[in-house]
Amino acid sequence: MFDLAAVQTALREQQLDGWLLYDFRGLNVLARRVLGFGTDALLSRRWFYFVPARGEPRKLVHRIESQALDAYPGSRQIYLRWQELEAGVGQLLAGARRVAMEYVPRNANPYVSRVDAGTIELVRSFGVDVVSSGDLVQEFEASWDDEQWAMHLEAAQHTRSAYDAAFAFIRQGTRQGAKVRETQVQQVILDHFRKHHLLTDHPPICAVGPHSGDPHYAPGPASDAPIGEGDFVLIDLWAKCDKPRAVYSDLTWTCFVGREVPARYRDIFNIVAAARDAAIARVREAFAKKQVLKGWEVDNAARQVIEQAGYGQFFCHRTGHSIGQETHGNGANMDGLETKEERRVLPRSCFSVEPGIYLPEFGVRSEVNVFVDAKGEVHVTGGKPQTEVVALL
């Protein structure tokens with residue numbers, strides 16, 4: 001639900017003259033999400049919605065879709081010709097000098113940069129300084145309310161118990177002398193999700209041996225490998241409740257099909273777990289001290305542990321991603337590698353912490369979800385974080 005008063009308060013706090021929301025055919029999912037557009041709202045023409053820091057919002061819509069923004073407060077301009085559109089943008093921005101849009105200089109953060117360069121050029125032609133709306137998007141799209149927090153906890157309970165089902169399946173098959181396959185474990189998890197009324201946007205990952213050394217491995221008919229005694233297995237799974245506005249839980253655990261986990265697996269897991277815990281500790285410290293914390297700083301805390309252990313080159317992705325109504329949400333990522341995430345870690349936001357070390361013969365990742373509540377208390381969800389590789393036999 002779009003909250004005009006809250007948006008205008010945030011604009012004043014950030015010393016902005018306004019926020020120009022713009023979309024063309026769904027390219028700017030962030031603007032649509034901030035306004036609360038339904039997924040079935042199919043608009044074929046460009047629209048603009050300018051929210052000033054004070055006063056009445058202003059709309060610019062095409063004649064054949066003149067009702068497009070009627071659900072939102074403010075005066076309306078209608079354009080038909082392209083010349084009218086360009087002049088209309090100037091009228092929307094009259095008196096504004098510093099305006100937020102879904103833009104980041106040099107496309108340094110592509111998760112926020114959803115407005116094309118030509119539209120930015122048009123806005124700037126009216127003497128307007130365009131700044132990034134990254135933290136505004138977080139506050140009004142990536143922040144959870146109490147209902148979403150409750151749905152996350154429900155999903156986290158069932159995503160965590162999915163490991164019990166998967167591990168039991170591997171254990172039972174191995175003891176019976178069978179070699180279960182990656183896709184069979186994947187199906188067990190999907191059946192568990194259905195049983196508990198969870199949805200997922202993509203099947204989970206079950207990766208044995210060298211497959212676990214590929215961070216984005218996905219089992220399929222061409223790669224489906226058997227799992228047997230003596231094998232190392234990584235399982236990454238994510239799901240959300242089958243309810244409107246539900247948000248995801250996303251976890252990764254590892255196991256060994258045997259009685260005693262070999263030292264090599266234990267040693268690598270311990271480094272990864274220490275990196276995970278260092279990242280969580282950095283978040284707790286910052287909020288306890290009421291410090292501003294940016295996503296890159298969380299990534300740095302985890303990455304330093306792995307680099308100091310001599311495995312920096314084998315940690316080839318960011319430490320974590322925003323979690324929301326999509327597995328990869330629209331808030332701050334824990335990233336100082338692929339991007340330098342300058343957005344703040346905000347209250348009422350959730351993200352994964354999932355460092356990893358990926359070697360040719362196997363890979364270890366340990367993933368938890370972290371939620372910072374409205375009071376700044378830091379919650380790690382999905383049960384107690386994994387403390388050792390699970391020995392299945």
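A word on ground rules before we start. The model is predicted, with residues numbered from 1 along each chain as its sequence is written, local features needing pLDDT of at least 70, side-chain atom pairs counting only at pLDDT 80 or more, and totals for chains, interfaces and linings using all residues. Side-chain values use heavy atoms, with hydrogens and water left out.

Let's begin with helices. Helices here are DSSP runs of H or I with at least four residues, strands are runs of E with at least two, and both are numbered from the N terminus. Take α8, residues 263-288, and α9, residues 295-308: they pack at an angle of about 150°, with their axes 8 Å apart. Those axes are lines fitted to C-alpha atoms, for helices over the stretch in contact, and the angles run from 0 to 180 degrees between N-to-C directions. So α8 and α9 are roughly antiparallel to each other. On the wording, under 35 degrees is roughly parallel, over 145 roughly antiparallel, 65 to 115 roughly perpendicular, and the rest oblique. 

Which residues of α8 and α9 meet? From α8 we have Ile271, Ala274, Ala275, Ala278, Ala279, Arg282 and Val283, and from α9 Glu297, Val298, Ala301, Ala302, Val305 and Ile306. Contact means heavy atoms within 4.5 Å. By class, that contact has eleven nonpolar, no polar and two charged residues. For the classes, Ala, Val, Leu, Ile, Met, Phe, Trp, Tyr, Cys and Pro are nonpolar, Asp, Glu, Lys and Arg are charged, and the others, Gly among them, are polar.

Next, α6 (residues 146-175) and α7 (residues 182-195) pack at about 140°, with axes 9 Å apart. That makes α6 oblique to α7. On the α6 side, the contact includes His158, Thr159, Phe169 and Ile170, while Gln184, Val185, His192 and Phe193 are among the α7 partners. This contact has nine nonpolar, five polar and no charged residues.

Ala6, Val7, Ala10 and Leu11 of α1 touch Leu136, Glu139 and Phe140 of α5. Six of the contact residues are nonpolar, none polar and one charged.

Now for the open spaces. A pocket, on a 1 Å grid over the protein atoms alone, is an open set of points with protein on both sides within 12 Å along at least five of seven lines; a cavity is a set where a 1.4 Å probe fits but cannot get out; and lining residues have an atom within 4 Å of a point. Points are joined across faces, edges and corners, and a volume is the space filled by probe spheres set on them.

The largest pocket holds about 800 Å³. It has 33 lining residues, and the closest to its centre are Met1, Arg33, Phe140, Glu141 and Gln325. Helices α1 (4-13), α2 (29-35) and α5 (134-142) each supply at least two residues of that lining. The lining divides into twelve nonpolar, twelve polar and nine charged residues.

The second largest pocket holds about 460 Å³. Of its 19 lining residues, Pro215, His216, Asp236, His328 and Glu354 are the closest to the centre.

Last stop, the inside. How many cavities of 30 Å³ or more are there? The count comes to one, and the largest cavity has about 50 Å³ of space. Its lining includes Gln138 and Ala142, along with Ser349, Cys350 and Phe351. Both α5 and β13 (349-353) supply at least two lining residues, and β13 gives the most, with three. By class, the cavity lining has seven nonpolar, four polar and no charged residues.
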